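Biologist: Before we look at the model together, could you take me through how its features should be read, one at a time?

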Amino acid sequence: MKKIVWSVISLILIVMANWGIAKLFNNHFLDWSILTGTAAIIIIRFFNSSGGIASEFANSKLQSGNQDNDLQVEVLTKIDKNEQSFKATPSLYVAIGYTIIAGISTFIYYKDIIFH
C-alpha cells in the first residue's frame, strides 16, 4: 500500500512540475514532458543512492584540515569510504515509465513535423 501511495504522489509531482514548466514558458505540455521525466529520474536516482560524488565531497570537507576557525571540524577517526549503492524505488519506476510514455506520445504528436 505504501508503494502505491508513493507512486501516485511521484506521478502527481512529475505531472504538476511538467504543467508548471509548460505554463511558465507558455508551451505545450508535451514539449517539456521528456525533460521533466528525465529530471525526475536524475533527482530520484541522486537522492536514493549512497557513496557517490556527494558523499565523497562531504567526507573530504569533513576530514580536511582547513584553518577556518568557524568551520573547523575535528575528526578523531578516519571516515570509512562508503561503497556506492542504489536502491530502486517505485518512484523511480514511475519516472521511467512517465519518460517512456512521454517520449512515445511526443513522437506520435510531432511525427508529421519530423518526417515532412
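Biologist: What percentage of the residues in the protein is buried?

Modeller: Buried means under 20% relative accessible area, exposed means over 50%, and partly exposed is in between, with a 1.4 Å probe and protein chains only. Here, buried residues make up 20% of the 116 residues in the protein. Please keep in mind that this is a predicted model, in which local features need pLDDT of at least 70 and side-chain atom pairs count only at pLDDT 80 or more, while totals for chains, interfaces and linings use all residues. Residues are numbered from 1 along each chain as its sequence is written, and side-chain values use heavy atoms, with hydrogens and water left out.

Biologist: How many helices and strands does the protein have, and in what order do the elements run?

Modeller: Helices (H or I, at least four residues) and strands (E, at least two) are DSSP runs, numbered from the N terminus. This protein has four helices and two strands, and from the N terminus on the elements run α-α-β-α-β-α.

Biologist: Which residues line the largest pocket, and how much space lies in it?

Modeller: The general idea is that rolling a probe the size of a water molecule over the atoms shows where empty space is left. In detail, on a 1 Å grid over the protein atoms alone, a pocket is an open set of points where a 1.4 Å probe fits, with protein on both sides within 12 Å along at least five of seven lines, and lining residues have an atom within 4 Å of a point. Grid points are joined across faces, edges and corners, and a volume is the space filled by probe spheres set on the points. In this case the largest pocket holds about 190 Å³ of space, and its lining is made of W6, I9, S10, L13, I14, A17, T36, A39, A40, I43, I44 and S91. Helices α1 (2–24) and α2 (29–47) each supply at least two of the lining residues, and α1 gives the largest share, six residues.

Biologist: What is the make-up of that lining by class?

Modeller: Ala, Val, Leu, Ile, Met, Phe, Trp, Tyr, Cys and Pro count as nonpolar, Asp, Glu, Lys and Arg as charged, and the others, Gly among them, as polar. The lining has nine nonpolar, three polar and no charged residues.

Biologist: Which residues form the nonpolar patch on the surface?

Modeller: Patches are made of residues with over 30% relative accessible area and no salt bridge, where like charges are joined within 9 Å and nonpolar side chains (Val, Leu, Ile, Met, Phe, Trp, Tyr) within 5 Å; a salt bridge is a side-chain nitrogen of Lys or Arg within 4 Å of a carboxyl oxygen of Asp or Glu. Accessible areas come from the Shrake-Rupley method with a 1.4 Å probe, and for residues only the protein chains shown count as cover. Here Y93, I96, I100, I104, F107, I108, I114 and F115 form the patch, with about 840 Å² of accessible area together. One of them, I100, sits in helix α4 (residues 90–114) and counts as partly exposed at 49% relative accessibility.
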